[in-house]
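Colleague: Before I use any of these labels myself, I'd like to hear what stands behind them. Can you show me the model?

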Amino acid sequence: MRVGLLFGGCSGEHEVSIKSAQAIAKALASGDNQTKYQVTPFYIQKNGVWLGPEASQNVLNQGLPLGDQLVTPQQRWQFPSAAAQMDVWFPILHGPNGEDGTVQGLFSLMQVPYVGSGVLGSCVGMDKLAMKMVFEQAGLPQVNYMGVERGEIWSNPCVFPALCDKIEAQVGYPCFVKPANLGSSVGIAKVRNRTELEVALDNAASYDRRIIVEAGLTDIREVECAVLGNENPQASVIGEITYDSDFYDYETKYTDGRSQMHIPADLPPEVVSKIQTMAIQAFKAIDAAGLGRLDFFYQPATGHIVINEINTLPGFTAFSMYPELWRASGVEFPSLVDRLLQLAVAYHGQPSQ
């Protein structure tokens with residue numbers, strides 16, 4: 001089976017995507033996988049230009065992004081000829097322009113199977129406001145939140161103080177201000193007063209036209225569950241993230257030694273079971289497929305569990321939480337990659353998809 005491994009992309013998670021692609025390529029070249037799959041890499045530069053297999057393989061070998069080259073508008077629409085020969089695609093594009101339904105729409109138009117959720121599941125999973133609305137309809141408990149439009153922040157200075165008043169009344173402090181459509185904690189700020197709120201809203205608006213403000217919880221544990229499957233998904237063991245900062249921001253997430261994964265998490269059996277049930281509920285609620293990592297907050301003092309978000313294309317390095325959760329659940333990395341490709345063919349290869 002000819003596998004197109006698509007990585008890089010036009011997002012702030014470009015470098016993480018390269019690392020994920022390296023791990024996947026290695027897994028597909030090991031054991032039984034090397035006789036089942038023929039992998040062809042395709043690298044998307046930060047300026048959106050697709051590179052062919054040879055140049056893409058060089059990026060994989062080096063593990064570093066390639067500097068953008070000057071291109072004409074016509075070259076942006078020129079795809080490598082080898083792309084038309086793929087039987088199935090493994091997109092590992094984290095964040096906007098890859099995890100949000102854009103490339104999924106392209107593959108759907110090409111009528112070729114691909115790993116992960118379809119257009120609906122991908123775009124709902126990426127947009128935090130849409131995601132929370134769907135979770136709310138599914139009856140999943142969440143923190144208190146409200147949505148804000150960029151225009152409310154920038155267009156009319158007279159409206160801004162009233163907006164801050166509304167946030168203070170409905171959400172309160174501490175709270176988190178987040179761009180609705182970015183990953184890796186980019187543009188997120190924890191705020192404790194009006195001054196910090198004003199700065200955080202202005203900063204978030206520079207990243208996205210839709211912003212979400214969420215109530216902050218105290219004395220919580222941040223736990224995660226991996227889901228694998230299509231119509232009958234399975235949930236992994238539960239993992240926990242601990243860190244040495246005020247919250248799990250971008251710097252903490254990508255600085256060695258600042259955060260730790262604990263797999264499996266030391267949790268009561270009934271809490272583990274409830275999180276796994278909620279993870280599958282949320283996965284189905286947004287019409288996800290293939291894979292997803294579900295993030296939760298757990299308050300030991302009250303036993304309260306709330307869902308935070310779903311990530312439909314999580315980090316896939318050999319040491320990322322998603323594959324590590326499945327490793328602890330008895331599914332090794334090469335087998336996990338194999339199962340995802342088989343799930344892709346089963347789900348997206350159907351005429352109804």
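Modeller: Below we go through the terms one by one, each with its cut-off.

Modeller: First the ground rules: this is a predicted model, so local features need pLDDT of at least 70 and side-chain atom pairs count only at pLDDT 80 or more, while totals for chains, interfaces and linings use all residues. Residues are numbered from 1 along each chain as its sequence is written, and side-chain values use heavy atoms, with hydrogens and water left out.

Colleague: How many helices and strands are there in the protein chain, and what makes a run count as one?

Modeller: The protein chain has 13 helices and 13 strands. They are DSSP runs numbered from the N terminus: a helix is H or I over at least four residues, a strand is E over at least two.

Colleague: What does the radius of gyration say about the protein chain?

Modeller: The radius is taken over C-alpha atoms, and the globule rule is 2.2 Å times the number of residues to the power 0.38. For 353 residues a compact globule would come out near 20 Å, and the protein chain has 20 Å, so the two agree. Along the principal axes, the C-alpha atoms fill a box of roughly 60 × 55 × 45 Å.

Colleague: And what share of the residues counts as buried?

Modeller: Of the 353 residues, 52% are buried. The cut-offs are under 20% relative accessible area for buried and over 50% for exposed, with partly exposed in between (1.4 Å probe, protein chains only).

Colleague: Which strands form the open sheet, and in what order?

Modeller: The order is β11-β10-β9-β12-β13, with antiparallel pairing. Two strands pair if DSSP finds at least two bridges between them. β11 (259-262) and β13 (304-311) each have a single partner strand, so they stand at the edges and one side of each lacks a neighbour in the sheet. On average, neighbouring strands are turned by 30° against each other, direction ignored. For such angles, axes are lines fitted to C-alpha atoms, for helices over the stretch in contact, and angles run from 0 to 180 degrees between N-to-C directions.

Colleague: What packs on that sheet?

Modeller: Helix α12 (residues 321-328) does, touching β9 (221-229), β10 (234-243), β11 and β12, and its direction makes about 125° with that of β10. Touching, or contact, means heavy atoms within 4.5 Å.

Colleague: Why is β13 described as largely enclosed?

Modeller: Because seven of its eight residues are buried, β13 is largely enclosed by the rest of the structure.

Colleague: Leu140 sits in a loop, between α6 (128-137) and β5 (145-149). Why is Leu140 called buried?

Modeller: Leu140 has 6% relative accessibility, so it counts as buried. Leaving out residues up to four places away in sequence, Leu140 touches Phe135, Met278, Gln281, Ala282 and Ile307.

Colleague: Gln142 is in the loop between α6 and β5. Is Gln142 buried or exposed?

Modeller: Buried, because its relative accessibility is 17%. Beyond four places in sequence, Gln142 is in contact with Lys132, Phe135, Glu136, Val306 and Ile307. A polar atom of the Gln142 side chain lies 3.0 Å from the backbone oxygen of Lys132.

Colleague: Which residues does a cis peptide bond join, with omega about -10°?

Modeller: Tyr173 and Pro174; Pro174 lies in the loop between α8 (159-170) and β6 (175-179). The peptide bond from Ile263 to Pro264 is cis too, with omega near -5°, and Pro264 is in the loop between β11 and α11 (269-285).

Definitions and conventions: Polar contact = N/O pair within 3.5 Å; in protein donor to acceptor, adjacent residues only side chain to side chain.
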